[in-house]
Amino acid sequence: MSLDLDTRTGWPKDLCIFLDRYPRDAWLSHRNFGERMRFWMGVHGGFRQIGDALQNATADFREGEVTPDRFRQWFVPRLNYLLSHLHSHHQIEDFEYFPVLTEAEPRLARGFEVLEGDHEAIHRTIAELADAANAFMTTDVDSRDALLRSGERYADASDHLITQLTRHLDDEEDLIVPLVLDRGEEPLGISWEAHLQRTQGGR
């Protein structure tokens with residue numbers, strides 16, 4: 001089974017040992033679904049919302065429902081928000097969540113390696129998207145054909161990013177949340193208190 005971000009459709013059986021025990025419909029009501037997980041899932045929800053908005057706006061642009069100039073004005077601040085917050089979010093996961101959870105449950109180590117690789121793939125796509133967005137923004141509005149071509153290139157890159165991000169968020173949650181429900185935030189060392197101790201150097 002391929003675990004490449006662009007082709008996978010979920011986790012193989014050996015990485016579903018906790019997901020099988022704690023399916024999604026049981027998460028929110030579980031006693032171990034604590035403040036850190038609620039915050040983390042809320043951030044993911046925000047990424048999904050802005051991703052949906054970007055995809056819908058891109059579809060409207062492709063269908064001629066919005067002018068290229070208006071579309072450019074709309075997507076820039078939203079795309080910048082998404083990209084800046086993704087960077088900081090991934091850093092927390094790469095340097096805190098993944099190492100701590102891998103140590104706590106080595107059977108999921110391959111999954112966390114895959115998720116870290118996802119981050120690298122997503123940031124490569126972000127670089128491609130940024131290049132396409134810059135080209136779109138600097139294309140002369142009076143050059144309609146060139147504007148539509150650069151807009152289509154941006155739209156393709158944007159769709160690629162949102163597709164990758166959606167798959168990644170789903171799989172990341174399916175790996176992490178069930179483990180947290182099984183063990184608890186505090187015993188795993190990912191509670192807010194543990195986070196503050198790490199970030200403040202144990203003070």
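The largest pocket is lined by Arg36, Phe39, Trp40, Val43, Phe47, His85, Ser88, His89, Ile92, Tyr97, Trp192 and His195. The pocket belongs to a predicted model, and about 210 Å³ of space lies in it.

**Largest pocket**

- Three helices, namely helix 1 (35-62), helix 2 (68-104) and helix 6 (192-199), each contribute at least two residues to the lining.
- Sorted by class, the lining residues are seven nonpolar, four polar and one charged.
- Among the lining residues are the aromatic side chains of Phe39, Trp40, Phe47, Tyr97 and Trp192.
- Histidines also take part in the lining, including His85, His89 and His195.
- Arg36 is one of the lining residues, and Arg is counted as charged.

**Chain as a whole**

- Read from the N terminus, the elements of the protein chain follow the order α-α-α-α-α-α.
- Along the principal axes, the C-alpha atoms of the protein chain fill a box of roughly 60 × 45 × 30 Å.
- The protein chain has 203 residues, of which 47% count as buried.

**Helix 3 with helix 4**

- Helix 3 covers residues 109-138 and helix 4 covers residues 144-183; their axes come within 9 Å and cross at roughly 160°.
- Because angles over 145 degrees count as roughly antiparallel, helix 3 is roughly antiparallel to helix 4.
- The crossing of these two helices, helix 3 and helix 4, is left-handed.
- The contact of helix 3 with helix 4 is made up of 17 nonpolar, nine polar and six charged residues.

**Helix 2 with helix 4**

- The axes of helix 2 and helix 4 lie 11 Å apart, and the two helices pack at an angle of about 30°.
- Angles under 35 degrees count as roughly parallel, and helix 2 and helix 4 are therefore roughly parallel to each other.
- Helix 2 passes helix 4 with a left-handed crossing.
- In the contact of helix 2 with helix 4, the residues divide by class into 19 nonpolar, three polar and four charged.

- Helix 4 has helix 3 as a roughly antiparallel partner and helix 2 as a roughly parallel one.

Methods: Residues numbered from 1 in each chain as written. Predicted model: local features only at pLDDT ≥ 70, side-chain atom pairs only at ≥ 80, totals over all residues. Heavy atoms only, no water. 1 Å grid on protein atoms, 1.4 Å probe; cavity = no way out; pocket = protein on both sides within 12 Å on 5 of 7 lines; lining within 4 Å. Points joined across faces, edges and corners; volume = space filled by probe spheres on them. Helix = DSSP H or I, 4+ residues; strand = E, 2+ residues; numbered from the N terminus. Axes fitted to C-alpha atoms, helices over the stretch in contact; angles between N-to-C directions. Parallel < 35°, antiparallel > 145°, perpendicular 65-115°, else oblique. Left-handed = near helix turned anticlockwise from the far one by under 90°. Buried < 20%, exposed > 50% of the residue type's maximum accessible area, 1.4 Å probe, protein only.
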